[in-house]
Amino acid sequence: MAKLSASMTSKTASAVQEIYRPIIRGYFAVFAAYYLLLLPTNFMYYQGLDLWSVVGIASLTSAVAVAGFFRLRTKVSIELLERLLVVLNFLVVMNVVVTLNLMFAPEKLVYFVILVMLFALASVSTRQSVLSIVFSCLAFLTFVPRIGAGDQATYGFLTFGAIMASVSITYYLRKAITYIATAKLDAEDQLEEARVVGESLRHKSLSDSLTGLPNRRAFFEALRKSKHEVTRHEKESRDDPRAPVQNLWLILVDLDGFKAVNDVHGHLVGDLLLKEVSNRLSAHCGETAHVSRMGGDEFNIILKSSGDETVIKGWCDELLEELAKSYVIEGRYVRISGSMGCKMMDLTQGARSQINEADYALMAAKKQGKNRSVIFTAAHAKQADERYKVEQALRFASLPDEIELLYQPQVDLRQNRIVRAEALARWSSPIIGDVEPSKFIKVAEESGLITQITLTVVEQAFRTLSLWAAPVPIAINLSCHDLISDPSIDQIIDMAREFKIDPTLVEFEVTETAMMIDLDKATTNLKRLSEMGFSIALDDFGTGYSNFSYLRRLPIEKLKVDRSLMENSGDPMTEKVLFSLAGMARTLGVECLLEGIESEVDLLVAKRVGADAVQGFLFGQPMSVGELSKVLENEAREKASPATVTQ
Ligand code: C2E
Ligand code: MG
Ligand code: MG
C-alpha cells in the first residue's frame with residue numbers, strides 16, 4: 001500500500017512537472033528575449049570595463065535562458081528543472097546587482113520586489129523557489145545600507161509583502177496544478193482500464209467459451225488476414241522463381257458420431273470430449289495453422305502450405321489418427337473419429353462459395369464411410385454444380401404439377417398374386433427436365449425440401465386410393481426428415497382422415513439410416529402411425545445396421561431386403577446371406593420381401609431362401625395407375641381361369 005501511494009506520488013509529481021514545463025519554457029523564452037534585446041542598449045549607457053561587465057553578465061544570462069528554452073523541448077527530470085531555474089534566477093539577480101552597483105538609485109530596489117514575485121510564481125518546487133527568493137533578498141540586503149531609514153522601511157515592507165503575496169499565490173497555483181495533474185492521471189488510468197476491459201471483451205467475443213479456441217467470428221477474421229498475407233507473398237515472389245509457392249487451405253473437421261457420445265455418456269462428457277478434441281487439434285496445428293470452433297462438433301482449420309495435395313492429405317491423415325486415439329474422460333474410455341473436407345482456396349474468389357465447397361468435400365468424406373479426409377476436386381465441382389441446379393429447380397418447382405407417381409407391384413409368393421404396389425415419385429422439371437428419383441430425393445433430403453415432396457406424394461397416393469374402385473394396398477416411402485418431424489406426421493394423419501383412407505390399405509416404408517438420426521423420435525412417430533392401423537416396412541434392409549436390439553423395439557411388419565443384395569443371386573454366398581436375412585425376419589415375426597427380382601433365377605433363389613414376397617422388373621417396372629389396374633384385371637382374369645398356370 002505504502003509502495004503504491006509512493007508510486008502514485010512520484011507519478012503525480014511527474015505529471016505536475018509536465019504541466020509546469022511549458023510555463024517554465026515560456027519563462028526562459030521571456031528572459032532570453034529580454035536580455036538579447038537589452039544587449040545593444042547597454043552600449044548607449046556604459047563604457048569600458050563597466051560596459052563589458054554589464055554585457056558579460058547579460059550575455060551569460062541570455063545564453064543560459066536560450067539553452068534552457070531548447071533543453072525544455074523534451075521531458076526533463078525535476079532536479080534538472082530546479083537546477084536550470086536556480087541558475088537562471090541567480091544570473092538575473094546578478095544582472096540587477098551589477099547594474100545597481102554601476103548606477104544606483106533607491107527606486108531601482110523595486111526590481112528585487114518584482115524578482116521575488118516572479119521567482120515565486122515561476123517555480124517548480126518549494127526548495128527551488130525559497131532558494132531563488134533568498135538570493136534576491138540577500139542581494140537586496142547588500143544595498144540596504146545605501147538608502148535612508150524611511151526607504152529601508154518602505155522597501156522592507158514592500159519586499160515582505162511581495163514575498164507573502166507570491167508565496168500564497170504560488171501555493172494555490174501549485175494546488176490547482178496538482179489537482180489538474182491528478183485529474184489527468186485519473187482520466188488516463190480510466191482510459192487504460194477501459195482499454196484493458198475492451199481488449200478482454202474483444203478476446204471474449206472472438207473465442208469459444210467452452211474450448212477457448214477462436215470462434216466463428218475469429219475464423220472469418222483469420223481467413224481474411226491469411227488471404228491477404230498469401231496474396232502479398234504471391235506478389236512479392238512473382239519475380240523470384242526460387243521462392244516457394246504458398247497455398248491457402250481450408251479444412252473443415254466434423255466429428256463422427258458425436259451425438260451418440262452425448263446420448264450415451266451425457267452432455268458433461270460430451271463437453272469434456274470437445275475440450276480434449278480441441279487440445280489435440282491445437283497441438284497438431286501448432287503455429288502452422290489456425291484452428292477455430294464453428295459450433296457443435298465442427299472445427300475449421302486454415303493452413304498455409306507450399307505442399308501439394310499428397311502433403312495436405314498426409315497432414316490431415318496424421319490429425320485423424322491423433323483424433324481417433326481413445327480419450328479417458330471422467331474415468332470412461334471414449335472413442336471418436338473425425339471427417340475432413342479440404343479445399344485449396346482460390347484467392348480471387350469469395351470465401352462463402354469456397355467454404356461450401358470444403359463442406360461438399362466433408363459430406364463426401366462422411367458418405368465414403370467417415371474417419372477420412374477428402375480434397376475438393378474438379379469432379380466434385382461438377383457434381384456440386386449439378387446438385388445446385390437440382391436444388392434450385394426443386395425450390396422453384398410447383399410440386400403438385402411436376403411430381404407424378406408410378407406404382408411397382410409387390411407379389412406374394414404363397415398367394416402368387418400382386419398384394420401391394422409401391423408408389424415411386426417421378427419428377428419432370430420444366431427447367432431441367434426429368435431427374436432420376438435417387439438424385440432428386442437425395443438433394444431434397446439434404447436441403448430439407450423433402451417434407452414438401454413427401455406431402456405431395458402422400459396426397460396424390462391418398463387421392464388415387466380414394467378414387468380407386470377396387471384398390472390394391474399401396475406402399476409410400478418416408479424420409480428421415482418426415483420421421484422426426486411431428487408436424488409432417490400430423491399432416492399425413494390429417495390427410496388420411498380427409499380422404500377417408502382405410503389405414504390397412506397403406507404401408508409406410510422407412511429406412512434404417514433415416515431412423516438412426518433420432519431413433520427415439522422416429523420410434524414414437526412410427527408407433528403413432530402403427531397405432532392408427534398403417535403398416536410399416538423397413539426399406540433397404542441389409543445395407544445398414546440390421547441390429548436385433550432396436551429392430552425388436554420397432555412396430556414393423558416387413559423387412560424389405562435391398563436389391564443390391566440380389567445382384568449376385570447365383571453366388572452360394574449371396575444365397576446364404578439372403579437366407580440369414582429371411583431367417584432374421586422369421587425370428588422377429590415379420591414378413592420378408594426381396595427387392596430387385598429381375599430374372600427367373602432371382603425368383604428361384606427368393607423362394608429357396610424363404611422370402612414371403614418379391615418386387616422387381618420380372619413382375620413389372622414402376623407403372624401408372626391405369627397400367628397397374630390393367631395388370632391387376634389381367635391377373636384376376638387369369639386367376640379365375642383354372643387352365644392358367646403361373647410361376
Ligand atoms: P426404393 O424405395 O428402394 O425403391 C425401389 C427402387 O428400386 C425404385 O427405384 C425401383 O424402380 C427400383 N427397382 C425396383 N425393381 C427393380 C429391379 O428389379 N431392378 C432394378 N435395377 N431396380 C428396381 P426408383 O424409383 O428409381 O427409386 C429410387 C429410390 O428413390 C427409392 O428406393 C426410394 O428410396 C426413393 N424414392 C422414390 N420415390 C420416393 C418417394 O416418393 N419418397 C421418398 N422419400 N423416396 C422415394
Ligand atoms: Mg421403398
Ligand atoms: Mg428399397
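This is a predicted model: local features need pLDDT of at least 70, side-chain atom pairs count only at pLDDT 80 or more; totals for chains, interfaces and linings use all residues.
Figure 1. The term buried denotes under 20% relative accessible area, exposed denotes over 50%, and partly exposed covers the values in between (1.4 Å probe, protein chains only). Phe-440 is likewise buried, with a relative accessible area of 0%. Trp-427 and Phe-440, by contrast, form an edge-to-face pair, with 5.6 Å from centre to centre and 65° between the planes. Trp-427 belongs to strand 9 (residues 417-429) and Phe-440 to helix 14 (residues 437-447), so that the pair links distant parts of the chain, 13 residues apart. Helices (H or I, at least four residues) and strands (E, at least two) are DSSP runs, numbered from the N terminus.

**Figure 2. The aromatic cluster that includes Phe-31 and Tyr-35.** One aromatic cluster is formed by Tyr-27, Phe-28, Phe-31, Tyr-34 and Tyr-35. Within helix 1 (residues 2-45), Phe-31 and Tyr-35 are four residues apart, about one turn of the helix. Both Phe-31 and Tyr-35 are buried.

**Figure 3. The site of the magnesium ion (ligand 2).** The protein donors of this ion are Glu-422 (OE), Asn-477 (OD1), Glu-509 (OE) and Asp-539 (OD), at 2.0 to 2.3 Å from it. Donors are N, O and S atoms within 2.8 Å of the metal (3.2 Å for Na, K and Ca); water is not among the atoms, so sites may look incomplete. Along the chain, the donors follow the spacing E-x54-N-x31-E-x29-D. Glu-509 lies in strand 12 (residues 506-511) and Asp-539 in strand 13 (residues 535-541), so the pair ties together parts that are 30 residues apart in sequence. Glu-509 is buried, with a relative accessible area of 1%, and Asp-539 is buried at 7%.

**Figure 4. The site of the magnesium ion (ligand 3).** Asp-539 bridges the magnesium ion (ligand 3) and the magnesium ion (ligand 2), which lie 3.9 Å apart. Asp-539 is in strand 13, whereas Glu-595 is in the loop between strand 15 (591-594) and helix 22 (600-609), 56 residues apart. Both Asp-539 and Glu-595 are buried.

Figure 5. The search of the whole structure finds zero disulfides, a disulfide being a pair of cysteine sulfur atoms within 2.5 Å. Cys-342 is in no disulfide, and the nearest cysteine sulfur, that of Cys-316, is 3.7 Å away. Cys-342 is buried, with a relative accessible area of 0%.

**Notes.** Residues are numbered from 1 along each chain as its sequence is written, while chains are lettered from A and ligands numbered from 1 in the order in which they are written. Local features need pLDDT of at least 70, side-chain atom pairs count only at pLDDT 80 or more, and totals for chains, interfaces and linings use all residues; side-chain values use heavy atoms, with hydrogens and water left out.

Note on methods:
Rings of Phe, Tyr and Trp (its six-membered ring) pair if their centres lie within 6.5 Å; planes under 30 degrees apart count as stacked, over 60 as edge-to-face and the rest as tilted.
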